[in-house]
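Have the structure open as you read.

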Amino acid sequence: MATPKLSVASTFPLPNSPHRIPRLGFGVYQYPPPTCVSSCLKAFRAGYRHIDTAQYYANEPSVGRAIHESRIPRSELFIASKILYPGKDIEATYNMIKESVVKLDGESGYVDLFLIHSANGGKESRRLMWLALEKAREEGRVRDIGVSNYGIKHIEEMKGYASVWPPAVNQIELHPWCQQREIVAYCIQNSIVIEAYYPLVRNQKAHDKTLLGMAEKHRKTPNQILIRYCLQKGWVPLPNSDTPARIASNADVYGFDLGVDDMGKLDALDRGRAGALVQAVHN
Ligand SMILES: NC(=O)c1ccc[n+]([C@@H]2O[C@H](COP(=O)([O-])OP(=O)(O)OC[C@H]3O[C@@H](n4cnc5c(N)ncnc54)[C@H](OP(=O)(O)O)[C@@H]3O)[C@@H](O)[C@H]2O)c1
């Protein structure tokens, strides 16, 4: 669908929440601390206001430092993190989440969005992390809570223990070669915001003929086409780059529109589970 009025400041509402999520995020996976600070600052200068980190990335203090050094009012930023493993009980897991909040935004701060990083740990692990996230939300340390790499069965399972349902977002691998249509349709049906990781396919499809042809037609780079594709699908892309020019160009995706034909050609590249770089969810 054409979405000509999108801008870097565009947001989506989050379910059961007064808060909104910026439609473009900046991922910081695999950034060592010094690079992480400078890349986040470059991203802020390029207009991004949404940073996606995780406990597993071991760079939450660097994101916190960049927030502080940017001097952008905290209320204008949207900071997300993730928890991969629970502690021994809800309290211990809650304390792990609180530690992340302190690293990112200080003793009295908050995180906008906290996700369960993966469904892989088993039902008890998923339950513990969700109940700890609900507690963090109740206490105002986290504004909204969600999941990542969850299939339909994992989100349905939550109905057995969750007070907060649906999860605000589901962050999954998404790009033209891995469109995960079943879980995407389920999330849309339940008003769950869909976040796209690996939106650039880690630059591995930069020489794909369909993509190159479209980039040439629109006078854009292949990666700008991929980000614009996510935005027009209604997904929140989280591109990652450590290169200043690319950080800026990945946010410069608003002066053009992919037409119905273009979107159809990209849709036709879907290879299902086989197209995933890392993992498609289990429904
Ligand atoms: N929830 C999960 O399980 C999960 C899993 C994976 C990722 N994520 C999230 O998703 C984010 C994005 O994932 P990702 O970084 O692995 O993949 P990505 O954004 O698809 O690709 C990043 C790679 O593409 C290169 N790149 C970026 N812009 C480019 C451009 N304009 N031209 C050419 N190359 C470009 C980058 O290199 P340079 O740095 O050299 O530019 C980097 O190597 C992560 O940072 C993380 O926040 C979440």
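A polar contact here is a pair of N or O atoms within 3.5 Å; within protein, one must be able to donate a hydrogen and the other to accept it, and residues adjacent in sequence count only if both atoms are side-chain atoms. This is a predicted model, so to speak of local features takes pLDDT of at least 70 and side-chain atom pairs count only at pLDDT 80 or more, while totals for chains, interfaces and linings use all residues. Residues are numbered from 1 along each chain as its sequence is written, and side-chain values use heavy atoms, with hydrogens and water left out.

**The ligand**

On the ligand, a nitrogen atom lies 3.0 Å from a polar side-chain atom of Asn-223. On its own the ligand has 920 Å² of accessible area (Shrake-Rupley method, 1.4 Å probe), and the protein covers 87% of that. Around it are 26 residues, with Asp-52, Asn-240, Ser-241, Asp-242 and Arg-246 the closest; "around" is a heavy atom within 4 Å.

**The spaces**

Where does the ligand sit? It sits in the largest pocket, by the rule that more than half of its atoms lie within 2 Å of the pocket's grid points. On a 1 Å grid over the protein atoms alone, a pocket is an open set of points with protein on both sides within 12 Å along at least five of seven lines; a cavity is a set where a 1.4 Å probe fits but cannot get out, and lining residues have an atom within 4 Å of a point. Volumes are the space filled by probe spheres set on the points, which are joined across faces, edges and corners.

| Space | Volume |
|---|---|
| Largest pocket | about 950 Å³ |
| Second largest pocket | about 240 Å³ |
| Largest cavity | about 40 Å³ |

The largest pocket is lined by 42 residues, and Tyr-29, Tyr-57, Tyr-197, Tyr-198 and Arg-202 are the closest to its centre. Helices H8 (222-233) and H9 (244-249) each give its lining at least two residues; helices are DSSP runs (H or I) of at least four residues, strands (E) of at least two, numbered from the N terminus.

For the second largest pocket, 18 residues form the lining, with Arg-20, Pro-22, Glu-76, Leu-77 and Phe-78 nearest the centre. Strands E2 (20-22) and E7 (142-148) each supply at least two of its lining residues.

Among the residues lining the largest cavity are Pro-15, Arg-137, Asp-144 and Val-164.
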